[in-house]
Amino acid sequence: MTTGATSGPAVPPPPAALAPPGPSGGKSAPPPGPLSRMGGLAAFADLRNLSLLGVLAALVVVGAMTKPEQFLSGNNLQLVLTQASVIGVVTVGMTLVIIGGGIDLSVGAIVALCSVWATTLATQDYGFGGILACTVLVGLGCGLVNGVLIAYGSMVPFIATLAMLASARGLALLISDGRTQVVSVDSVLDLGLPGAYVLGVPPLVLVFAAVTAIGWVVLNRTTFGRRVVAVGGNSEAARLAGIDVKRQRLVLYLLSGLCCGIAAFMLIVLTGSGQNTNGNLYELDAIAAAIIGGTLLSGGRGTIVGSVLGVLVFTTITNLFALNNLQSDVQQIAKGAIIVAAVLVQRRSERSDGS
């Protein structure tokens with residue numbers, strides 16, 4: 001009679017115990033899943049951000065060597081940050097959309113429509129609140145149309161947002177009749193004056209910082225952000241996991257429209273007017289900044305911090321070209337080269353990750 005015998009059916013060993021020994025002689029580890037790859041992706045994102053900081057530092061050195069008195073002046077640094085703020089807010093929304101597996105080609109046209117609609121005489125009669133509310137509501141409305149067409153109308157994001165681009169530009173031209181609409185509300189114009197600066201920082205830069213911080217928290221510290229990454233990585237797997245993919249996509253385009261509305265108000269403050277040509281090529285600048293910041297065009301990966309650094313790199317390049325009286329065509333070539341280099345780095349990282 002054997003002591004210590006147990007009654008009842010024998011309990012089978014766990015699957016790990018049945019696995020064949022690995023190369024080191026121990027039990028082999030299970031194949032890496034999405035969670036096990038997060039550390040590697042985070043490390044890659046940190047490395048990319050450090051690289052962008054290095055590029056930004058190199059541009060500052062170039063500016064200090066070529067135009068030291070102009071480039072390093074406080075006024076010029078304020079100008080760079082202010083110019084980066086408007087397209088930066090748009091880029092935050094674009095980054096979320098791309099991470100979620102979409103694209104938004106209509107952001108520039110939405111900015112133009114918001115700025116024109118909010119600077120009509122009828123809207124300006126409502127003062128500061130009327131202009132701000134109009135830009136936000138028009139932006140949300142455009143985002144809602146995009147989201148419904150894409151999420152519930154099963155339209156390809158490229159086609160739906162391309163249609164919105166054409167429609168919003170046309171509507172902006174119709175409302176403004178091709179004319180520049182000058183803002184006469186002092187409380188709006190005062191935000192762009194040095195007297196409104198907080199410790200030497202323009203209010204538009206503070207708005208950009210706030211939007212960036214909120215975007216980072218939403219993406220990295222909320223359930224919604226994790227669902228964005230899941231939907232962008234594999235929408236079918238996300239649906240099977242219980243995520244409402246359609247609603248998720250709708251909210252993403254609403255956020256993009258909201259960012260466009262905020263950017264339009266900032267542009268009104270900056271220029272003191274509304275024009276149907278506002279936001280020209282913003283979609284390309286926002287996509288380019290997101291790409292060089294590490295956002296994967298196919299979705300499922302990206303960082304808000306990287307996109308913001310991409311905006312600062314492009315804005316600094318534009319400023320350097322302007323200070324050195326270099327032609328804009330050379331500037332566009334330089335931007336194109338940077339985008340190509342960023343995509344090549346993405347492809348290389350994808351191969352190294354085995355994806």
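Ile-159 lies in helix H8, which spans residues 157–176; helices are DSSP runs of H or I with at least four residues, numbered from the N terminus. The model is predicted, with local features requiring pLDDT of at least 70 and side-chain atom pairs pLDDT 80 or more, while totals for chains, interfaces and linings use all residues. Residues are numbered from 1 along each chain as its sequence is written, and side-chain values use heavy atoms, without hydrogens and water.

Ile-159 has a relative accessibility of 43% and is therefore classed as partly exposed (buried is under 20% relative accessible area, exposed over 50%, partly exposed in between; 1.4 Å probe, protein chains only). Together with Val-156, Phe-158 and Leu-162, Ile-159 makes a nonpolar surface patch of about 350 Å². Such patches comprise residues with over 30% relative accessible area and no salt bridge, nonpolar side chains (Val, Leu, Ile, Met, Phe, Trp, Tyr) being joined within 5 Å and like charges within 9 Å. A salt bridge is a side-chain nitrogen of Lys or Arg within 4 Å of a carboxyl oxygen of Asp or Glu. Areas were computed by the Shrake-Rupley method with a 1.4 Å probe; for residues, only the protein chains shown count as cover.

Helix H14 (residues 282–292) is largely enclosed by the rest of the structure, because nine of its eleven residues are buried. Among them are Tyr-282, Glu-283 and Ile-292.

Zero disulfides are found in the whole structure (cysteine sulfur pairs within 2.5 Å). For Cys-134, the nearest cysteine sulfur is that of Cys-114, 7.4 Å away. Cys-134 is buried, at 11% relative accessible area. Cys-259 is likewise in no disulfide, the nearest cysteine sulfur being that of Cys-260 at 7.1 Å; Cys-259 is buried, at 9%.

Methods
Helix = DSSP H or I, 4+ residues; strand = E, 2+ residues; numbered from the N terminus.
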